[in-house]
Amino acid sequence: MKETRVVGYLRVSTEIQADEGYSLIAQRQDIERYCQLYNLELIDIITDEGESACNLERSGIQRALKMLSAGLAEGLIVAKLDRLTRSVSDLGYLLKEYFTKYTLMSVADKIDTSSASGRLVLNIVVSVSQWEREAISERTKKVLQHKKNNGERTGNIPYGKKLSDDGLMLTENKQEIEILNRIKELRAEGMPLQDIRLQLSFDGYYTRPGNPFTLSQISKLTRM
């Protein structure tokens, strides 16, 4: 019986993972074992190192897809589906353009699109994955908004604010408010940014690290 020719695809999302190589090694081993178990001819293994799965603009996956189109392989195999894509729209594109004709296999997810049931499972898995990410994103936004409404710190400290003594709340920074008001006052008088910069230094106003204000910093503060 003729072996099905497949190309393996590996991906790691950070430079640290790419350098250490652990994830790549694990993915490679899973793919090689799967191919041995199911009598698949693994003709090549292609890697994208330090690449996100947010889109398909990756040199490795594009090369693997071209191998399918050229007839060099009959299927693509990944250790886990999220190594290929995390997007339902990208998955839909791949299914329509490639995996109705070629086979997609995922070792960890036990997916094989050579059957209708395999394609159904694939759609369900990615849909649930995207739903989880969107749900997490919604919850995160709600938590951050709640903290912001309560005056709690949610990230970088905005200009004109400072941390409370317990480090949890944002309170008014009177000195920075004074600087902001001075900048807006000078700007309202029609003073150019360069002259405002000189005037702030003359008045003894400096940035948080104690440096003179730059023109770009002053410009940004005039829009606050």
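Colleague: Why are α6 and α8 called roughly perpendicular to each other in this predicted model?

Modeller: Helix α6 (residues 174-188) and helix α8 (residues 215-222) pack at an angle of about 90°. Angles of 65 to 115 degrees count as roughly perpendicular, and α6 and α8 therefore get that description. Their axes lie 9 Å apart.

Colleague: Which residues of α6 meet α8?

Modeller: From α6 come L180, I183, K184 and R187, and they meet I218, L221 and T222 in α8. By class, this contact has 4 nonpolar, 1 polar and 2 charged residues.

Colleague: Happy with that! Now, what makes β1 largely enclosed by the rest of the structure?

Modeller: Buried means under 20% relative accessible area. Of the 9 residues of β1, 7 are buried, so the strand is largely enclosed.

Colleague: How do you know that β1 and β2 pair?

Modeller: Pairing needs at least two bridges between the strands. β1 and strand β2 (residues 40-49) have 9 bridges, in the parallel sense, and R11 stands opposite D48 in β2. With β3, β1 has 4 bridges, also in the parallel sense; there, Y9 has V78 as its bridge partner.

Colleague: And what about the largest nonpolar core: how many residues has it?

Modeller: It has 24 residues, and those with the most contacts inside it are L76, L84, F99 and L122. The largest share, 5 residues, comes from α3.

Colleague: Which residues does L84 touch?

Modeller: Leaving aside residues up to four places away in sequence, L84 touches Y9, L56, R58, I61, L76, V78, L94 and L104.

Terms used
Residues are numbered from 1 along each chain as its sequence is written. This is a predicted model: local features need pLDDT of at least 70, side-chain atom pairs count only at pLDDT 80 or more; totals for chains, interfaces and linings use all residues. Side-chain values use heavy atoms; hydrogens and water are left out. Axes are lines fitted to C-alpha atoms, for helices over the stretch in contact, and angles run from 0 to 180 degrees between N-to-C directions. Helices (H or I, at least four residues) and strands (E, at least two) are DSSP runs, numbered from the N terminus. Angles under 35 degrees count as roughly parallel, over 145 as roughly antiparallel, 65 to 115 as roughly perpendicular and the rest as oblique. Contact means heavy atoms within 4.5 Å. Ala, Val, Leu, Ile, Met, Phe, Trp, Tyr, Cys and Pro count as nonpolar, Asp, Glu, Lys and Arg as charged, and the others, Gly among them, as polar. A nonpolar core is a set of buried Ala, Val, Leu, Ile, Met, Phe, Trp, Tyr and Cys residues joined through side-chain atoms within 4.5 Å. Buried means under 20% relative accessible area, exposed over 50%, partly exposed in between (1.4 Å probe, protein chains only).
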